[in-house]
Amino acid sequence: MPEGPSVRKFQLLTSPFVGQVVAKVGGSSRKLNVNDLNALRLQDSQVHGKNLYLAFVAAGGPLGAPAEEMALQRVAAQGGQGQICAPHPHSQDEELQEPQHSRSEAPDGAESPGNWLRIHFGMFGSIRANEFSRASRANKRGDWKDPVPRLVLHFESGGFLVFYNCRMLWCSSPRADPASDILSVEFHRGRALRALRAPSPICYTLLDQRYFSGLGNIIKNEILYLARIHPLTPGSLVAPSDLEHLLDCAVQFSSEWLHNKLRGQGLHPQVYQKEQCPLGHPLMKGTFGPSGGFKRLTWWCPQCQPAVLPGDGDPSPVT
């Protein structure tokens with residue numbers, strides 16, 4: 001699924017439409033009544049980790065009766081309970097939740113029920129501005145079928161936004177903490193370092209969105225290689241200086257990936273989905289994750305990233 005740098009780029013695509021009124025809607029979403037968005041004004045666009053949040057208000061100005069009534073109708077349809085975008089505290093990389101936080105940066109009026117649309121992207125999720133995605137190759141049946149958008153927002157200006165492979169949910173506020181976002185200037189290094197010192201395998205901790213919001217499997221694999229740390233090494237066994245270096249790699253890699261995206265350049269991973277590391281050593285591949293949680297494919301170099309474990313020997317990979 002798109003990681004923090006990709007969702008940041010999506011947010012930049014939506015920014016020029018802030019302040020504009022939705023003139024027409026479309027899309028295949030079954031979870032969302034797309035007609036609720038008709039004639040509303042896009043008031044704000046925010047990104048927190050891997051989630052994009054769009055705020056909508058009545059076209060006449062600040063949140064007024066029409067938009068408020070529409071929001072209340074949505075709440076009634078959901079069983080009479082407004083939802084705040086604050087997830088289960090143990091959310092992992094692929095879940096639709098993100099960490100529970102203490103404060104929202106929502107604009108005035110955003111506390112009314114259902115004013116924010118939360119968008120979480122699937123594996124091939126994306127946003128297009130003023131264009132539709134076209135099929136780049138035939139499917140397994142040999143058909144050339146264009147991807148079907150989940151949501152299309154046409155604005156009075158004539159421009160439009162197209163959302164693909166995503167889940168959308170109305171909520172009252174984007175409860176998110178920039179201190180956990182690796183691409184935020186408010187990212188809290190001290191809290192992240194304390195999390196990395198946990199005795200659990202360090203590859204588990206890196207995907208914990210409570211401390212590393214926006215960090216996904218690609219970033220995890222790449223920065224562990226850059227820091228020369230075995231993915232299953234318990235964080236409590238890693239030297240403090242190595243944890244500092246790992247955190248530097250996380251911030252720098254994510255920032256460079258975002259800048260490359262904005263320049264239209266692709267990602268050139270060193271170990272993710274590779275067979276050899278840049279030094280020519282064969283890579284190992286395993287599927288690792290916490291008990292009862294998501295298991296993610298992991299690539300590492302046994303020579304560049306030697307195991308540091310309480311027991312003897314290197315763990316056998318699960319392929």
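## The largest pocket

The largest pocket holds about 1,100 Å³ of space. A pocket here is an open set of points on a 1 Å grid over the protein atoms alone, where a 1.4 Å probe fits, with protein on both sides within 12 Å along at least five of seven lines; lining residues have an atom within 4 Å of a point. Grid points are joined across faces, edges and corners, and the volume is the space filled by probe spheres set on them. This is a predicted model, where local features need pLDDT of at least 70 and side-chain atom pairs count only at pLDDT 80 or more, while totals for chains, interfaces and linings use all residues. Residues are numbered from 1 along each chain as its sequence is written, and side-chain values use heavy atoms, leaving out hydrogens and water.

So what sits around that space? The lining has 37 residues, with Met-123, Phe-124, Gly-125, Ser-126 and Asn-165 nearest the centre. Helix H1 (4–14), strand S4 (116–129), strand S6 (160–171), H5 and H6 each give two or more residues to it; helices (H or I, at least four residues) and strands (E, at least two) are DSSP runs numbered from the N terminus. S4 has the largest share, at seven residues. By class, the lining splits into 16 nonpolar, nine polar and 12 charged residues, where Ala, Val, Leu, Ile, Met, Phe, Trp, Tyr, Cys and Pro count as nonpolar, Asp, Glu, Lys and Arg as charged, and the others, Gly among them, as polar.

## H5 against H6

H5 (residues 217–226) and H6 (residues 240–262) have axes that come within 9 Å and cross at roughly 130 degrees. Axes are lines fitted to C-alpha atoms, for helices over the stretch in contact, with angles running from 0 to 180 degrees between N-to-C directions. The pair is therefore oblique, the label left for angles that are not under 35 degrees (roughly parallel), over 145 (roughly antiparallel) or 65 to 115 (roughly perpendicular).

The H5 and H6 crossing is right-handed, meaning that the near helix is turned clockwise from the far one by less than a right angle. On the H5 side, the contact (heavy atoms within 4.5 Å) includes Ile-218, Ile-219 and Glu-222, and on the H6 side it includes Phe-253 and Trp-257. That contact has 10 nonpolar, two polar and one charged residues.

The axes of H1 and H6 come within 9 Å and cross at roughly 40 degrees, so H1 is oblique to H6. H1 passes H6 in a right-handed crossing. Pro-5, Ser-6, Arg-8, Lys-9 and Leu-12 of H1 meet Ser-254, Trp-257, Leu-258, Lys-261 and Leu-262 of H6.

H3 (residues 189–196) packs on H6 at about 120 degrees, with the axes 10 Å apart. The H3 and H6 contact has six nonpolar, no polar and three charged residues.
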